Amino acid sequence: MLFAHDTEEALAAAVELVNSAVEPDTLLDAAQLDEFFVRHGYTGSHTGDAAELAAVRTLRAPLRRLLTSDRDATVEAINEILATHRALPQLVRHGDVDYHIHAVPPDAPLAVRIAVETAMAMIDLVREGELSRLAICADETCDGIVLDLSRNRSRRYCSTACGNRNAVAAYRARRK
């Protein structure tokens with residue numbers, strides 16, 4: 001493990017959320033938001049209504065900028081998110097998860113919790129000089145973001161579909 005569990009989970013959730021805007025959109029209704037909430041182990045308030053869905057969908061563009069900016073712009077965005085939401089980092093423990101950091105109360109809106117948890121995770125990447133763990137998909141037809149937490153930094157594609165599409169294209173090119 002490179003980073004703490006909560007850092008890796010927050011980054012994975014942010015990348016999935018941002019990539020949900022890449023065609024085809026995969027965050028269109030409350031059921032998809034419910035699945036996202038459960039898949040990424042969020043706790044606290046979750047209304048599942050249209051307003052919450054809209055707020056979470058609205059996060060995709062600013063989070064994309066946060067995840068793809070240079071170091072100084074990333075730090076500026078982190079600080080803005082934390083100040084805007086008056087984040088106060090605290091160690092908490094719940095369910096089967098040992099102590100980890102939450103910076104907003106559990107009754108804060110889901111979109112706020114996602115933004116702040118992403119900002120907190122990005123702090124670890126900045127401090128460790130690991131922003132290169134985030135990249136744009138190597139598939140020329142895709143704008144997805146890649147989170148590479150592998151030891152050898154070998155991940156190039158945002159999804160298996162992009163990787164397979166490029167492997168098939170390379171195979172066909174070699175066969176010609």
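**Ground rules.** I number residues from 1 along each chain as its sequence is written, and side-chain values use heavy atoms, with hydrogens and water left out. As the model is predicted, local features need pLDDT of at least 70 and side-chain atom pairs count only at pLDDT 80 or more, while totals for chains, interfaces and linings use all residues.

I looked up strands S1 (residues 90-94) and S2 (residues 97-102), which pair antiparallel over four bridges. Strands here are DSSP runs of E, at least two residues, and helices are runs of H or I, at least four, numbered from the N terminus; pairing takes at least two DSSP bridges. His94 has Val97 of S2 as its bridge partner. Two residues sit between the strands, and Gly95 has a positive phi near 55 degrees.

**Helix pair.** Next I checked H5 (residues 71-84) against H6 (residues 110-127): their axes come within 9 Å and cross at roughly 145 degrees. Axes are lines fitted to C-alpha atoms over the stretch in contact, with angles from 0 to 180 degrees between N-to-C directions. Among the contact residues (heavy atoms within 4.5 Å) I noted Ile78 and Leu82 of H5 and Ala119 and Ile123 of H6.

**Ser159.** I found Ser159 in the loop between strand S4 (145-147) and helix H7 (160-175). C-alpha to C-alpha, Ser159 is 9.8 Å from Asn19, though 140 residues away in sequence.
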